Amino acid sequence: MLIVFINAAVCVLLLALPVRAETLEVLHWWTSASERRAADFLVSRLEKEGLDWKDAAIPGGSGLGAMKVLKSRVLSDKAPQAAQLIGPAIAEWGDLGLLLELDGVAKQAKWGASILPTPYASVRLRGHVIAAPLGVHRINTLFYNQKIFKQLGLQPPQTWPEFERTADKIKRAGFIPLAQSGEPWQVATLFESLVLSEGGPAYYRDLFVRRRANAFFDPRLGRALERLRALRRYMPDPIAEKSWTLTAKMLAKDEAAMMMMGDWVKGELNAWGLATDVAFGCVAVPGTADMHLYSIDTLVMFAGNYSRQDAQEKLAQLIVSPAVQAGYNRIKGSVPVRRDADIRQMDSCSRSSWQTFVKGGMVQAPSLTHRMASDEALKDAIVAQVHRYFMDPQMPTSEAQRRMAGIVRALGAGEKDI
Ligand code: GAL
């Protein structure tokens with residue numbers, strides 16, 4: 001009796017407390033100048049709705065540290081209210097019952113009709129919406145320094161023979177042809193663009209989505225690996241494990257003439273005051289003009305005890321709204337996930353990315369390195385293998401192919417198709 005009374009008294013007391021602004025802790029890895037600005041843009045929009053964004057930013061390009069922190073926090077029952085989680089992991093975590101279903105928001109804002117098919121599919125699990133997509137990055141992007149290209153009278157290369165001729169001229173003129181870091185994920189990011197260039201989206205999916213072990217013995221993978229190694233002669237020597245922002249600095253400071261990396265580099269160059277088409281230009285990686293190697297930045301909401309559901313739903317709704325999509329993606333370097341995105345407001349890089357992406361599944365390939373194609377285990381094992389091959393010129397290409405096939409066999413089959 002006494003316990004019941006005390007419980008009731010505590011409840012009354014709690015109800016009488018003044019209402020404070022709801023706080024949502026958001027875990028992500030956006031710490032560079034442009035990433036920070038893009039996150040701050042979301043913070044300010046959220047503030048207008050009376051919600052506080054408590055920042056949990058874990059540094060480290062491609063989110064290696066952030067994913068570790070997120071996992072350990074979830075395991076110790078300290079999940080944040082929202083986090084950047086992308087690709088098949090969304091469904092895996094959804095299956096564990098960790099994620100808040102956003103069906104109400106999605107229905108009300110008509111996400112099914114307004115979001116492009118691939119990002120929409122990536123946030124759904126058995127008919128439920130379990131995440132909110134922010135933007136689509138294009139990985140197969142080649143950036144070039146306008147000043148160096150003008151000075152040497154060069155055109156951006158579209159084929160590999162053109163690339164080599166261009167890079168040789170740049171080298172002779174005393175510049176570094178290709179800015180590149182030796183950091184494993186950055187090497188793997190270049191590698192996957194080369195695989196796409198050699199084999200196209202269907203072959204790429206055979207390798208990393210369907211995980212067909214035999215596909216790893218195909219000469220197309222051999223050629224992609226050999227090109228990765230051959231490109232070393234155009235990279236800084238020795239090659240350092242610089243962060244992606246420091247690597248992009250080489251391009252910004254007119255030390256290097258080209259860089260192949262996801263278009264978050266565009267956001268970063270813009271944040272440093274370098275304008276698209278003025279200071280630098282971008283084209284697709286040679287041989288991938290009509291292809292889109294994508295990564296979709298996405299926020300999931302952790303259900304917890306459902307006490308922040310209203311605020312979480314507000315965040316989700318805001319993220320997908322047209323104005324936030326346009327503003328956020330312009331800063332981040334990615335493109336909106338919405339069908340009604342206004343291409344007149346985009347620069348040439350984003351326009352080309354968006355116009356290619358909307359062509360649909362046939363031209364699209366999910367980034368392995370950026371967690372869109374497979375689970376963490378396969379990604380980590382392949383990235384480590386590619387890095388080893390890249391750093392060790394003695395390793396025969398066939399040996400690298402055999403090892404990758406072995407990894408796929410050991411880890412088991414992937415998706416039939418997506
Ligand atoms: C990607 C991520 C991007 C970008 C990049 C560098 O994995 O999708 O948002 O920030 O890493 O950290």
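This is a predicted model: local features need pLDDT of at least 70, side-chain atom pairs count only at pLDDT 80 or more; totals for chains, interfaces and linings use all residues.
1. For Trp-29, the separation between an N or O atom of the side chain and an oxygen atom of the ligand is 3.5 Å. The cut-off for a polar contact is a pair of N or O atoms within 3.5 Å, which should be kept in mind when the Trp-29 value of 3.5 Å is read.

2. The residues around the ligand include Trp-29, Trp-30, Glu-35, Gly-61 and Ser-62. Also among them are His-137, Trp-244, Trp-264, Ser-295, Asp-297, Lys-332 and His-370.

3. Strand 1 and its partners. Strand 1, residues 22–28, is mostly covered, with 5 of its 7 residues buried. Its pairing with strand 2 (residues 51–57) is parallel and runs over 7 bridges. Within this pairing, Glu-22 has Leu-51 as its bridge partner in strand 2, and Leu-27 has Ala-56. Strand 1 also pairs in the parallel sense with strand 3 (residues 82–84), over 2 bridges. There, Leu-27 stands opposite Ala-83.

4. Disulfide. How many disulfides does a search of the whole structure find? The search returns 1. The disulfide is formed by Cys-282 and Cys-349, with a distance of 1.8 Å between the sulfur atoms. Cys-282 belongs to strand 10 (residues 280–284) and Cys-349 to helix 16 (residues 348–357), so the bond ties together parts that are 67 residues apart in sequence. Cys-282 is buried, at a relative accessible area of 16%, and Cys-349 is also buried, at 7% relative accessibility.

5. Helix 14. The 12 residues of helix 14 (residues 309–320) should span 16 Å at 1.5 Å a residue, and the end C-alpha atoms are 17 Å apart, which agrees. The buried residues of this helix are Ala-311, Gln-312, Leu-315, Ala-316, Leu-318, Ile-319 and Val-320. As background to that list, an α-helix has 3.6 residues a turn, so residues three or four places apart point the same way.

6. Trp-160. This residue lies in helix 9, residues 160–172. Is Trp-160 buried or exposed? With a relative accessibility of 7%, Trp-160 counts as buried. Its separation from Arg-36 is 124 residues in sequence and 35 Å in space, taken C-alpha to C-alpha.

7. The peptide bond between Asp-237 and Pro-238 is cis, with omega about 0 degrees. Pro-238 is located in the loop between helix 11 (219–230) and helix 12 (244–252). Arg-126, although not a glycine, has a positive phi of about 40 degrees. Arg-126 occupies the loop between strand 4 (124–125) and strand 5 (128–129), and counts as exposed at 64% relative accessibility. Asp-277, another residue other than glycine, has a positive phi near 70 degrees. Asp-277 sits in the loop between helix 13 (264–271) and strand 10, and at 40% relative accessibility is partly exposed.

Notes
Residues are numbered from 1 along each chain as its sequence is written. Side-chain values use heavy atoms; hydrogens and water are left out. A disulfide is a pair of cysteine sulfur atoms within 2.5 Å. Helices (H or I, at least four residues) and strands (E, at least two) are DSSP runs, numbered from the N terminus. Buried means under 20% relative accessible area, exposed over 50%, partly exposed in between (1.4 Å probe, protein chains only). Two strands pair if DSSP finds at least two bridges between them. The expected span of a helix is 1.5 Å times one less than its number of residues. A residue is near a molecule or strand if one of its heavy atoms lies within 4 Å of it. A polar contact is a pair of N or O atoms within 3.5 Å; within protein, one must be able to donate a hydrogen and the other to accept it, and residues adjacent in sequence count only if both atoms are side-chain atoms.
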